[in-house]
Amino acid sequence: MNIHEYQAKALLREYGVGTLEGRVAYTPEEAEQVARELPGPVWVVKAQIHAGGRGKAGGVKLARSIEEVRQLANDMLGMKLVTHQTGPEGKIVKKVLIESGVDIEKEFYLGITLDRSSERPVIMASAEGGMEIEQVAAEKPESILKVFVHPLAGLQAYQTRDLAFSLGLEGKAIQHFGSLVNSAFKAFMQSDASLVEINPLVLTLQKELLALDAKMILDDNALYRHPDLAALRDLNEEEPLEIEAGKHDLSYIRLDGEVGCMVNGAGLAMATMDIIKLAGSQPANFLDVGGGASSERVAAAFRILVSDPRVRAILINIFGGIVRCDRVASGVIEAIGQVKPNLPIVIRLEGTNKDIASQMLRDSGLPFIVADSGLADAARKVVAALN
């Protein structure tokens, strides 16, 4: 679950990470009032959306007067901000963060995530702060420093000192850096986050280390342990179809293609997406209806597929193990009767009660295209129907 910058900063502050003083505003009038209550003479107005690259897209601006804060907030609120992470559709800015400005001596990058190859948390740091970490990794991979934290021993003092020395920090800044990294790591672990990213982490002229920007992603599977963090969810920033899928316990991620996929099992879903690409088209989504899908859940999944205007054909690929093929057929027939889509639909059913399901589809009188010669056959048929 993504949260906003101002929420991430508030959470990090609870663990002792230094941040700039600021508050969120929903109107130009609120932005002006916040600025009046913060020390100047410079303020920063930052659009709050769930995407990076805001600065390059015009979503982060400096203001040198109270009036300019209000004007910038007025310009940003309601605008469609398009960054490399939002895609061309962009995101509408509904709130802005107003903060006091700060004198910066040096910018750094700090990130904490889980390294799956080592099965340990990894702390990444770089003196190339303020840049996208993907760009740094591509252009200067040697500048990204990594420390792997043993799950039992925990983060050690020598590890944070090594990072501080490698970043070129001196004097008291070394101790301050160690304290900040420990606080950020504690926040990462105790909030069940999958990512904590501070970019840039700045050293001020006053030799303070502050999180100038912050991003956190929380593990959805652990939110039951953190009802206070679950309350930070902003549905306005999420894909409506993904929200609807969540109501039915469906694993759904919208993509950019034109072939809607309904599959049971994550591995089979990934294979289905791959073979659609091999057949010459692009998947419009990842959709796993799960091993024990009811006909109601299948019907809900189908309605989600046809609600996507980019979907021009649908491939249903079900292996009947735990979920029976006849249950899937029942759900699809029910959904088509309700939605009446004008789209080609290719169905491949294998496994438990396949013959019963095939008879149900034939008796329905609906114009299904049946693929009975394997997954590759199903992919070829849906691409042919699409074209």
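**Reading contacts, helices and backbone angles**

Visitor: Leaving aside its neighbours within four places in sequence, which residues is Val 346 in contact with?

Guide: Contact means heavy atoms within 4.5 Å. In this predicted model, Val 346 touches Ile 314, Leu 315, Ile 316, Ile 369, Ala 371, Ala 378, Lys 381 and Val 382, once neighbours within four places in sequence are left aside. Residues are numbered from 1 along each chain as its sequence is written, and side-chain values use heavy atoms, without hydrogens and water. Because the model is predicted, local features need pLDDT of at least 70 and side-chain atom pairs count only at pLDDT 80 or more, while totals for chains, interfaces and linings use all residues.

Visitor: In which strand does Val 346 lie, and does Val 346 count as buried or exposed?

Guide: Helices (H or I, at least four residues) and strands (E, at least two) are DSSP runs, numbered from the N terminus. Val 346 belongs to strand β17, residues 345-351. A residue is buried under 20% relative accessible area, exposed over 50% and partly exposed in between, with a 1.4 Å probe and protein chains only. Val 346 has 0% relative accessibility and therefore counts as buried.

Visitor: What separates the C-alpha atoms of Arg 380 and Val 346?

Guide: A distance of 9.9 Å separates these C-alpha atoms, although Arg 380 and Val 346 are 34 residues apart along the chain. Arg 380 is part of helix α13 and is exposed, its relative accessible area being 52%. For Val 346 and Cys 325, which are 21 residues apart along the chain, the C-alpha separation is 15 Å.

Visitor: How is the packing of two helices described?

Guide: The description uses the angle between the two axes and the distance between them. Axes are lines fitted to C-alpha atoms, for helices over the stretch in contact, and angles run from 0 to 180 degrees between N-to-C directions. Here, α9 (residues 266-278) and α13 (residues 375-386) have axes that come within 9 Å and cross at roughly 55 degrees. The helix α9 is therefore oblique to α13. Angles under 35 degrees count as roughly parallel, over 145 as roughly antiparallel, 65 to 115 as roughly perpendicular and the rest as oblique.

Visitor: Is the crossing of α9 and α13 left-handed or right-handed?

Guide: A crossing is left-handed if the near helix is turned anticlockwise from the far one by less than a right angle, and right-handed if clockwise. The α9 and α13 crossing is right-handed.

Visitor: Which residues of α9 and α13 meet?

Guide: From α9 come Ala 271, Thr 272, Ile 275 and Ile 276, and they meet Leu 375, Ala 376, Ala 379 and Val 383 of α13. By class, this contact of α9 with α13 has seven nonpolar residues, one polar and no charged ones. Ala, Val, Leu, Ile, Met, Phe, Trp, Tyr, Cys and Pro count as nonpolar, Asp, Glu, Lys and Arg as charged, and the others, Gly among them, as polar.

Visitor: At what angle do the axes of helix α11 and helix α12 cross?

Guide: The axes of α11 (residues 325-339) and α12 (residues 354-364) cross at roughly 20 degrees and come within 7 Å. For this reason, α11 is roughly parallel to α12. The contact includes Cys 325, Ala 329 and Ile 333 of α11, and Ile 356, Met 360 and Leu 361 of α12. Its residues divide into seven nonpolar, two polar and two charged.

Visitor: Which residues of helix α5 are buried?

Guide: An α-helix has 3.6 residues a turn, so residues three or four places apart point the same way. In α5 (residues 157-166), the buried residues are Gln 159, Thr 160, Leu 163 and Ala 164. They lie on the same side of α5, because they cover an arc of only 135 degrees around the axis, the arc being that of the directions from the helix axis to the C-beta atoms. The face turned away from this buried side carries the exposed residues Phe 165 and Ser 166. Among the elements covering the buried residues are β8 (120-126), β9 (145-148) and α6 (172-190).

Visitor: Where is Glu 119 found, and what is its phi?

Guide: Glu 119 is in the loop between β7 (104-115) and β8, and its phi is positive, about 60 degrees, although it is not a glycine. With 66% relative accessibility, Glu 119 counts as exposed.

Visitor: Which residues does a cis peptide bond join, with omega about 10 degrees?

Guide: That bond joins Gly 40 and Pro 41, and Pro 41 sits in the loop between α2 (28-37) and β2 (43-47). Another cis peptide bond, with omega about 5 degrees, joins Asn 199 and Pro 200.
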